[in-house]
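Here is a short report on one protein model. Read it with the sequence and the 3D view side by side.

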Amino acid sequence: MKTTKCKNKTKGQRGFTIIETTIASLVMLVGALGVSSLFLFSTQNNIGGSERALAMAVAQQQLEQIRSVSFEDTTLTAGTTTTTVTSGGRPYTVQRVVANETDAEGNAKQLKKITIRVTPKSAPNWISTPVELVTLRSTLAAGSYLVSN
């Protein structure tokens, strides 16, 4: 009877040490944390973009309401008004500033500067950057800013 010796085929081969495994795990953990913070950042910016888009829509609606009234209407009286508007289930603070424009000598022009500022009310600070629209409104009457039909 012949006996055969079983050769050790794993001779010279080694596995990973615990230190190598730990270092590899730490490198992967740092990469995963970087990806997760990037995901959180992009999610917050998408939410902020949605809030700004809704705020812009509110500002444009307010501007269209002002454009629909005559130049002499009381809504175009110089001053500041602040209201709260709800759009898309979210509250917004709308500040409207109407100012009479003057020339270099201080004479009143037939021109008004209208500023609409819309700020989300219930959003976190990083989202609640106000949207601001500025327009000039003139009269149809003869004057330094005559608008012809």
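A search of the whole structure finds 3 salt bridges. A salt bridge here is a side-chain nitrogen of Lys or Arg within 4 Å of a carboxyl oxygen of Asp or Glu. The model is predicted: local features need pLDDT of at least 70, side-chain atom pairs count only at pLDDT 80 or more, and totals for chains, interfaces and linings use all residues. Residues are numbered from 1 along each chain as its sequence is written, and side-chain values use heavy atoms, with hydrogens and water left out.

| Salt bridge | N to O distance |
|---|---|
| E51 and R90 | 3.2 Å |
| R67 and E64 | 3.0 Å |
| R117 and E132 | 2.3 Å |

Take E51 and R90, whose closest N and O atoms are 3.2 Å apart. E51 lies in helix α1 and R90 in strand β2, so this pair ties together parts that are 39 residues apart in sequence. Helices (H or I, at least four residues) and strands (E, at least two) are DSSP runs, numbered from the N terminus. Is E51 buried or exposed? E51 is buried, with a relative accessible area of 9%. R90 is partly exposed at 30%. The cut-offs are these: buried means under 20% relative accessible area, exposed over 50%, and partly exposed in between (1.4 Å probe, protein chains only).

R67 and E64 both sit in helix α1. They are 3 residues apart, which means a separation of about one helical turn. R67 is partly exposed, at 46% relative accessibility. E64 is partly exposed too, with a relative accessible area of 46%.

The side chains of R117 and E132 also meet in a salt bridge. R117 belongs to strand β3 and E132 to strand β4, so the pair ties together parts 15 residues apart in sequence. R117 is partly exposed at 35%, and E132 is partly exposed at 39%.

Now the sheet. It is open, has 4 strands in the order β1-β2-β3-β4, and pairs them in the antiparallel sense. Two strands pair if DSSP finds at least two bridges between them. On average, neighbouring strands are turned by 20 degrees against each other, direction ignored.

Strand β1 (residues 79–87) and strand β2 (residues 90–102) pair over 9 bridges. In this pairing, G79 stands opposite V98. Next, β2 pairs with strand β3 (residues 108–120) over 10 bridges. Here Y92 has P120 as its bridge partner.

T102 is in strand β2 and is partly exposed at 42%. Leaving aside neighbours within four places in sequence, T102 is in contact (heavy atoms within 4.5 Å) with N107, A108 and K109.

How does the helix meet the sheet? Helix α1 lies across β1, β2, β3 and β4, and runs at about 15 degrees to β4. Axes are lines fitted to C-alpha atoms, for helices over the stretch in contact, and angles run from 0 to 180 degrees between N-to-C directions.

Helix α1 spans residues 18–67 and includes I19. I19 is exposed, with a relative accessible area of 57%.
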